[in-house]
Amino acid sequence: QVIGKFYTPVAAIGARWVLGKYYMWLEYVAITILTLASTTFGYLQAFSPGDSPEWTQKTNSLKVAMLLVLGSAVAAAFNSLLTERILKGDKAPFHMQKVSLDASCIVSTLVLIPLIGVISQRAQDIPWAVRPLDDSCPLESVCWQHDGCANPACACDCGSGLFAGWTASTAGVITLAMVINTGYGWLVGKLVQEFSTVDRAIADSFSLLLVYFVGDPLLNGSSLANMCLNLVAFIVPMSANIFSIAASEMRRVSEALAGADGSSGEETCSDTAEANTSESSTGEEDAAEVPFSPTAVYATLPQKERA
């Protein structure tokens, strides 16, 4: 959970190579604050004062897990950037683009399912293994072990196959999960197409507030008495506000540059066209040698254009 929050800065840095998009220093500051706040929140929630979870003692497996989570965050960030490039570059309707992307996801899922079954040692991850059908079977039961359902001590209902858990008792939950995941996928795709991957990641961070302040107290009866968690959680909307201010300043820079180019074009006169053409070509050569810097351009704008 903590390491997975590095998705946002990876997406912001990767946008320079995948999309050719640059961010101002203030936007990077906001992204850094948001990432640190989210990781701190996850750390405080996982490690209570004086508490040492049992899984933290397994240092070797913990390091491997951390590297895998970090790799997953990097892969997900670049996957989202490539999806943004496809959605914004293709002129087809959004629903046609989304169906094409979902079809490719189905193919990749069918390839990964048997691969996960070979790698994993948990019965619930192996499609061809006989395993309990639902979570009514206690986690400490022998049924969840490899070939545990063949053990005479196992008293849970077991089955095998991809749809082993699709029973009448779980049909409502599975249907609700499918509807929510489908709607979430379409909403995220439209958000990425209209805005950007980084904007989507920042908006997604608000789910932390919804789960912590609303979901946990209502569904799990958790307390909100931990002031450290409460204060860290409120940093998320503050950093998102900083990012939105920086993005609006970036748009003003672009608009000011566009206005300056338009006004300079209107002031050209016919009697000095040849001289202006020569000067303009020389200026273009000089500009080509200097890389574009949004921060430098913003600094050269008059004060009235910044406000």
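These legends describe close-up views of a predicted model.

**View 1. Helices α4 and α5 pack against each other.**
Helix α4 covers residues 94-119, and helix α5 covers residues 171-194. Their axes lie 11 Å apart. The angle between them is about 120°. The crossing of α4 past α5 is right-handed.

**View 2. Residues at the contact of α4 with α5.**
From α4 come F94, H95, Q97, K98 and D102. They meet G185, W186, G189, K190 and Q193 of α5. Sorted by class, this contact has two nonpolar, five polar and three charged residues.

**View 3. The aromatic pair of F163 and W166.**
Five aromatic pairs turn up in a search of the whole structure. One of them joins F163 and W166. Two values describe any such pair: the distance of the ring centres and the angle of the planes. For F163 and W166, the centres are 5.2 Å apart and the planes stand at 85°. The pair is edge-to-face, because its angle is over 60 degrees. F163 has 56% relative accessibility and counts as exposed. W166 has 48% and counts as partly exposed.

**View 4. The aromatic pair of F213 and F234.**
The ring centres of F213 and F234 are 5.3 Å apart. Their planes meet at 35°, so this pair is tilted. F213 belongs to helix α7 (residues 206-220), while F234 belongs to helix α8 (residues 227-266). The two residues are 21 residues apart, and their pair links distant parts of the chain. F213 is partly exposed, at a relative accessible area of 26%. F234 is also partly exposed, at 46%.

**View 5. An aromatic cluster that includes Y212.**

**View 6. E27 and its contacts.**
E27 sits in helix α2, which spans residues 25-46. Its relative accessible area is 4%. E27 counts as buried because that value is under 20%. Setting aside neighbours within four places in sequence, E27 is in contact with F243, A246 and A247.

Key:
Residues are numbered from 1 along each chain as its sequence is written. This is a predicted model: local features need pLDDT of at least 70, side-chain atom pairs count only at pLDDT 80 or more; totals for chains, interfaces and linings use all residues. Side-chain values use heavy atoms; hydrogens and water are left out. Axes are lines fitted to C-alpha atoms, for helices over the stretch in contact, and angles run from 0 to 180 degrees between N-to-C directions. Helices (H or I, at least four residues) and strands (E, at least two) are DSSP runs, numbered from the N terminus. A crossing is left-handed if the near helix is turned anticlockwise from the far one by less than a right angle, and right-handed if clockwise. Contact means heavy atoms within 4.5 Å. Ala, Val, Leu, Ile, Met, Phe, Trp, Tyr, Cys and Pro count as nonpolar, Asp, Glu, Lys and Arg as charged, and the others, Gly among them, as polar. Rings of Phe, Tyr and Trp (its six-membered ring) pair if their centres lie within 6.5 Å; planes under 30 degrees apart count as stacked, over 60 as edge-to-face and the rest as tilted. Buried means under 20% relative accessible area, exposed over 50%, partly exposed in between (1.4 Å probe, protein chains only).
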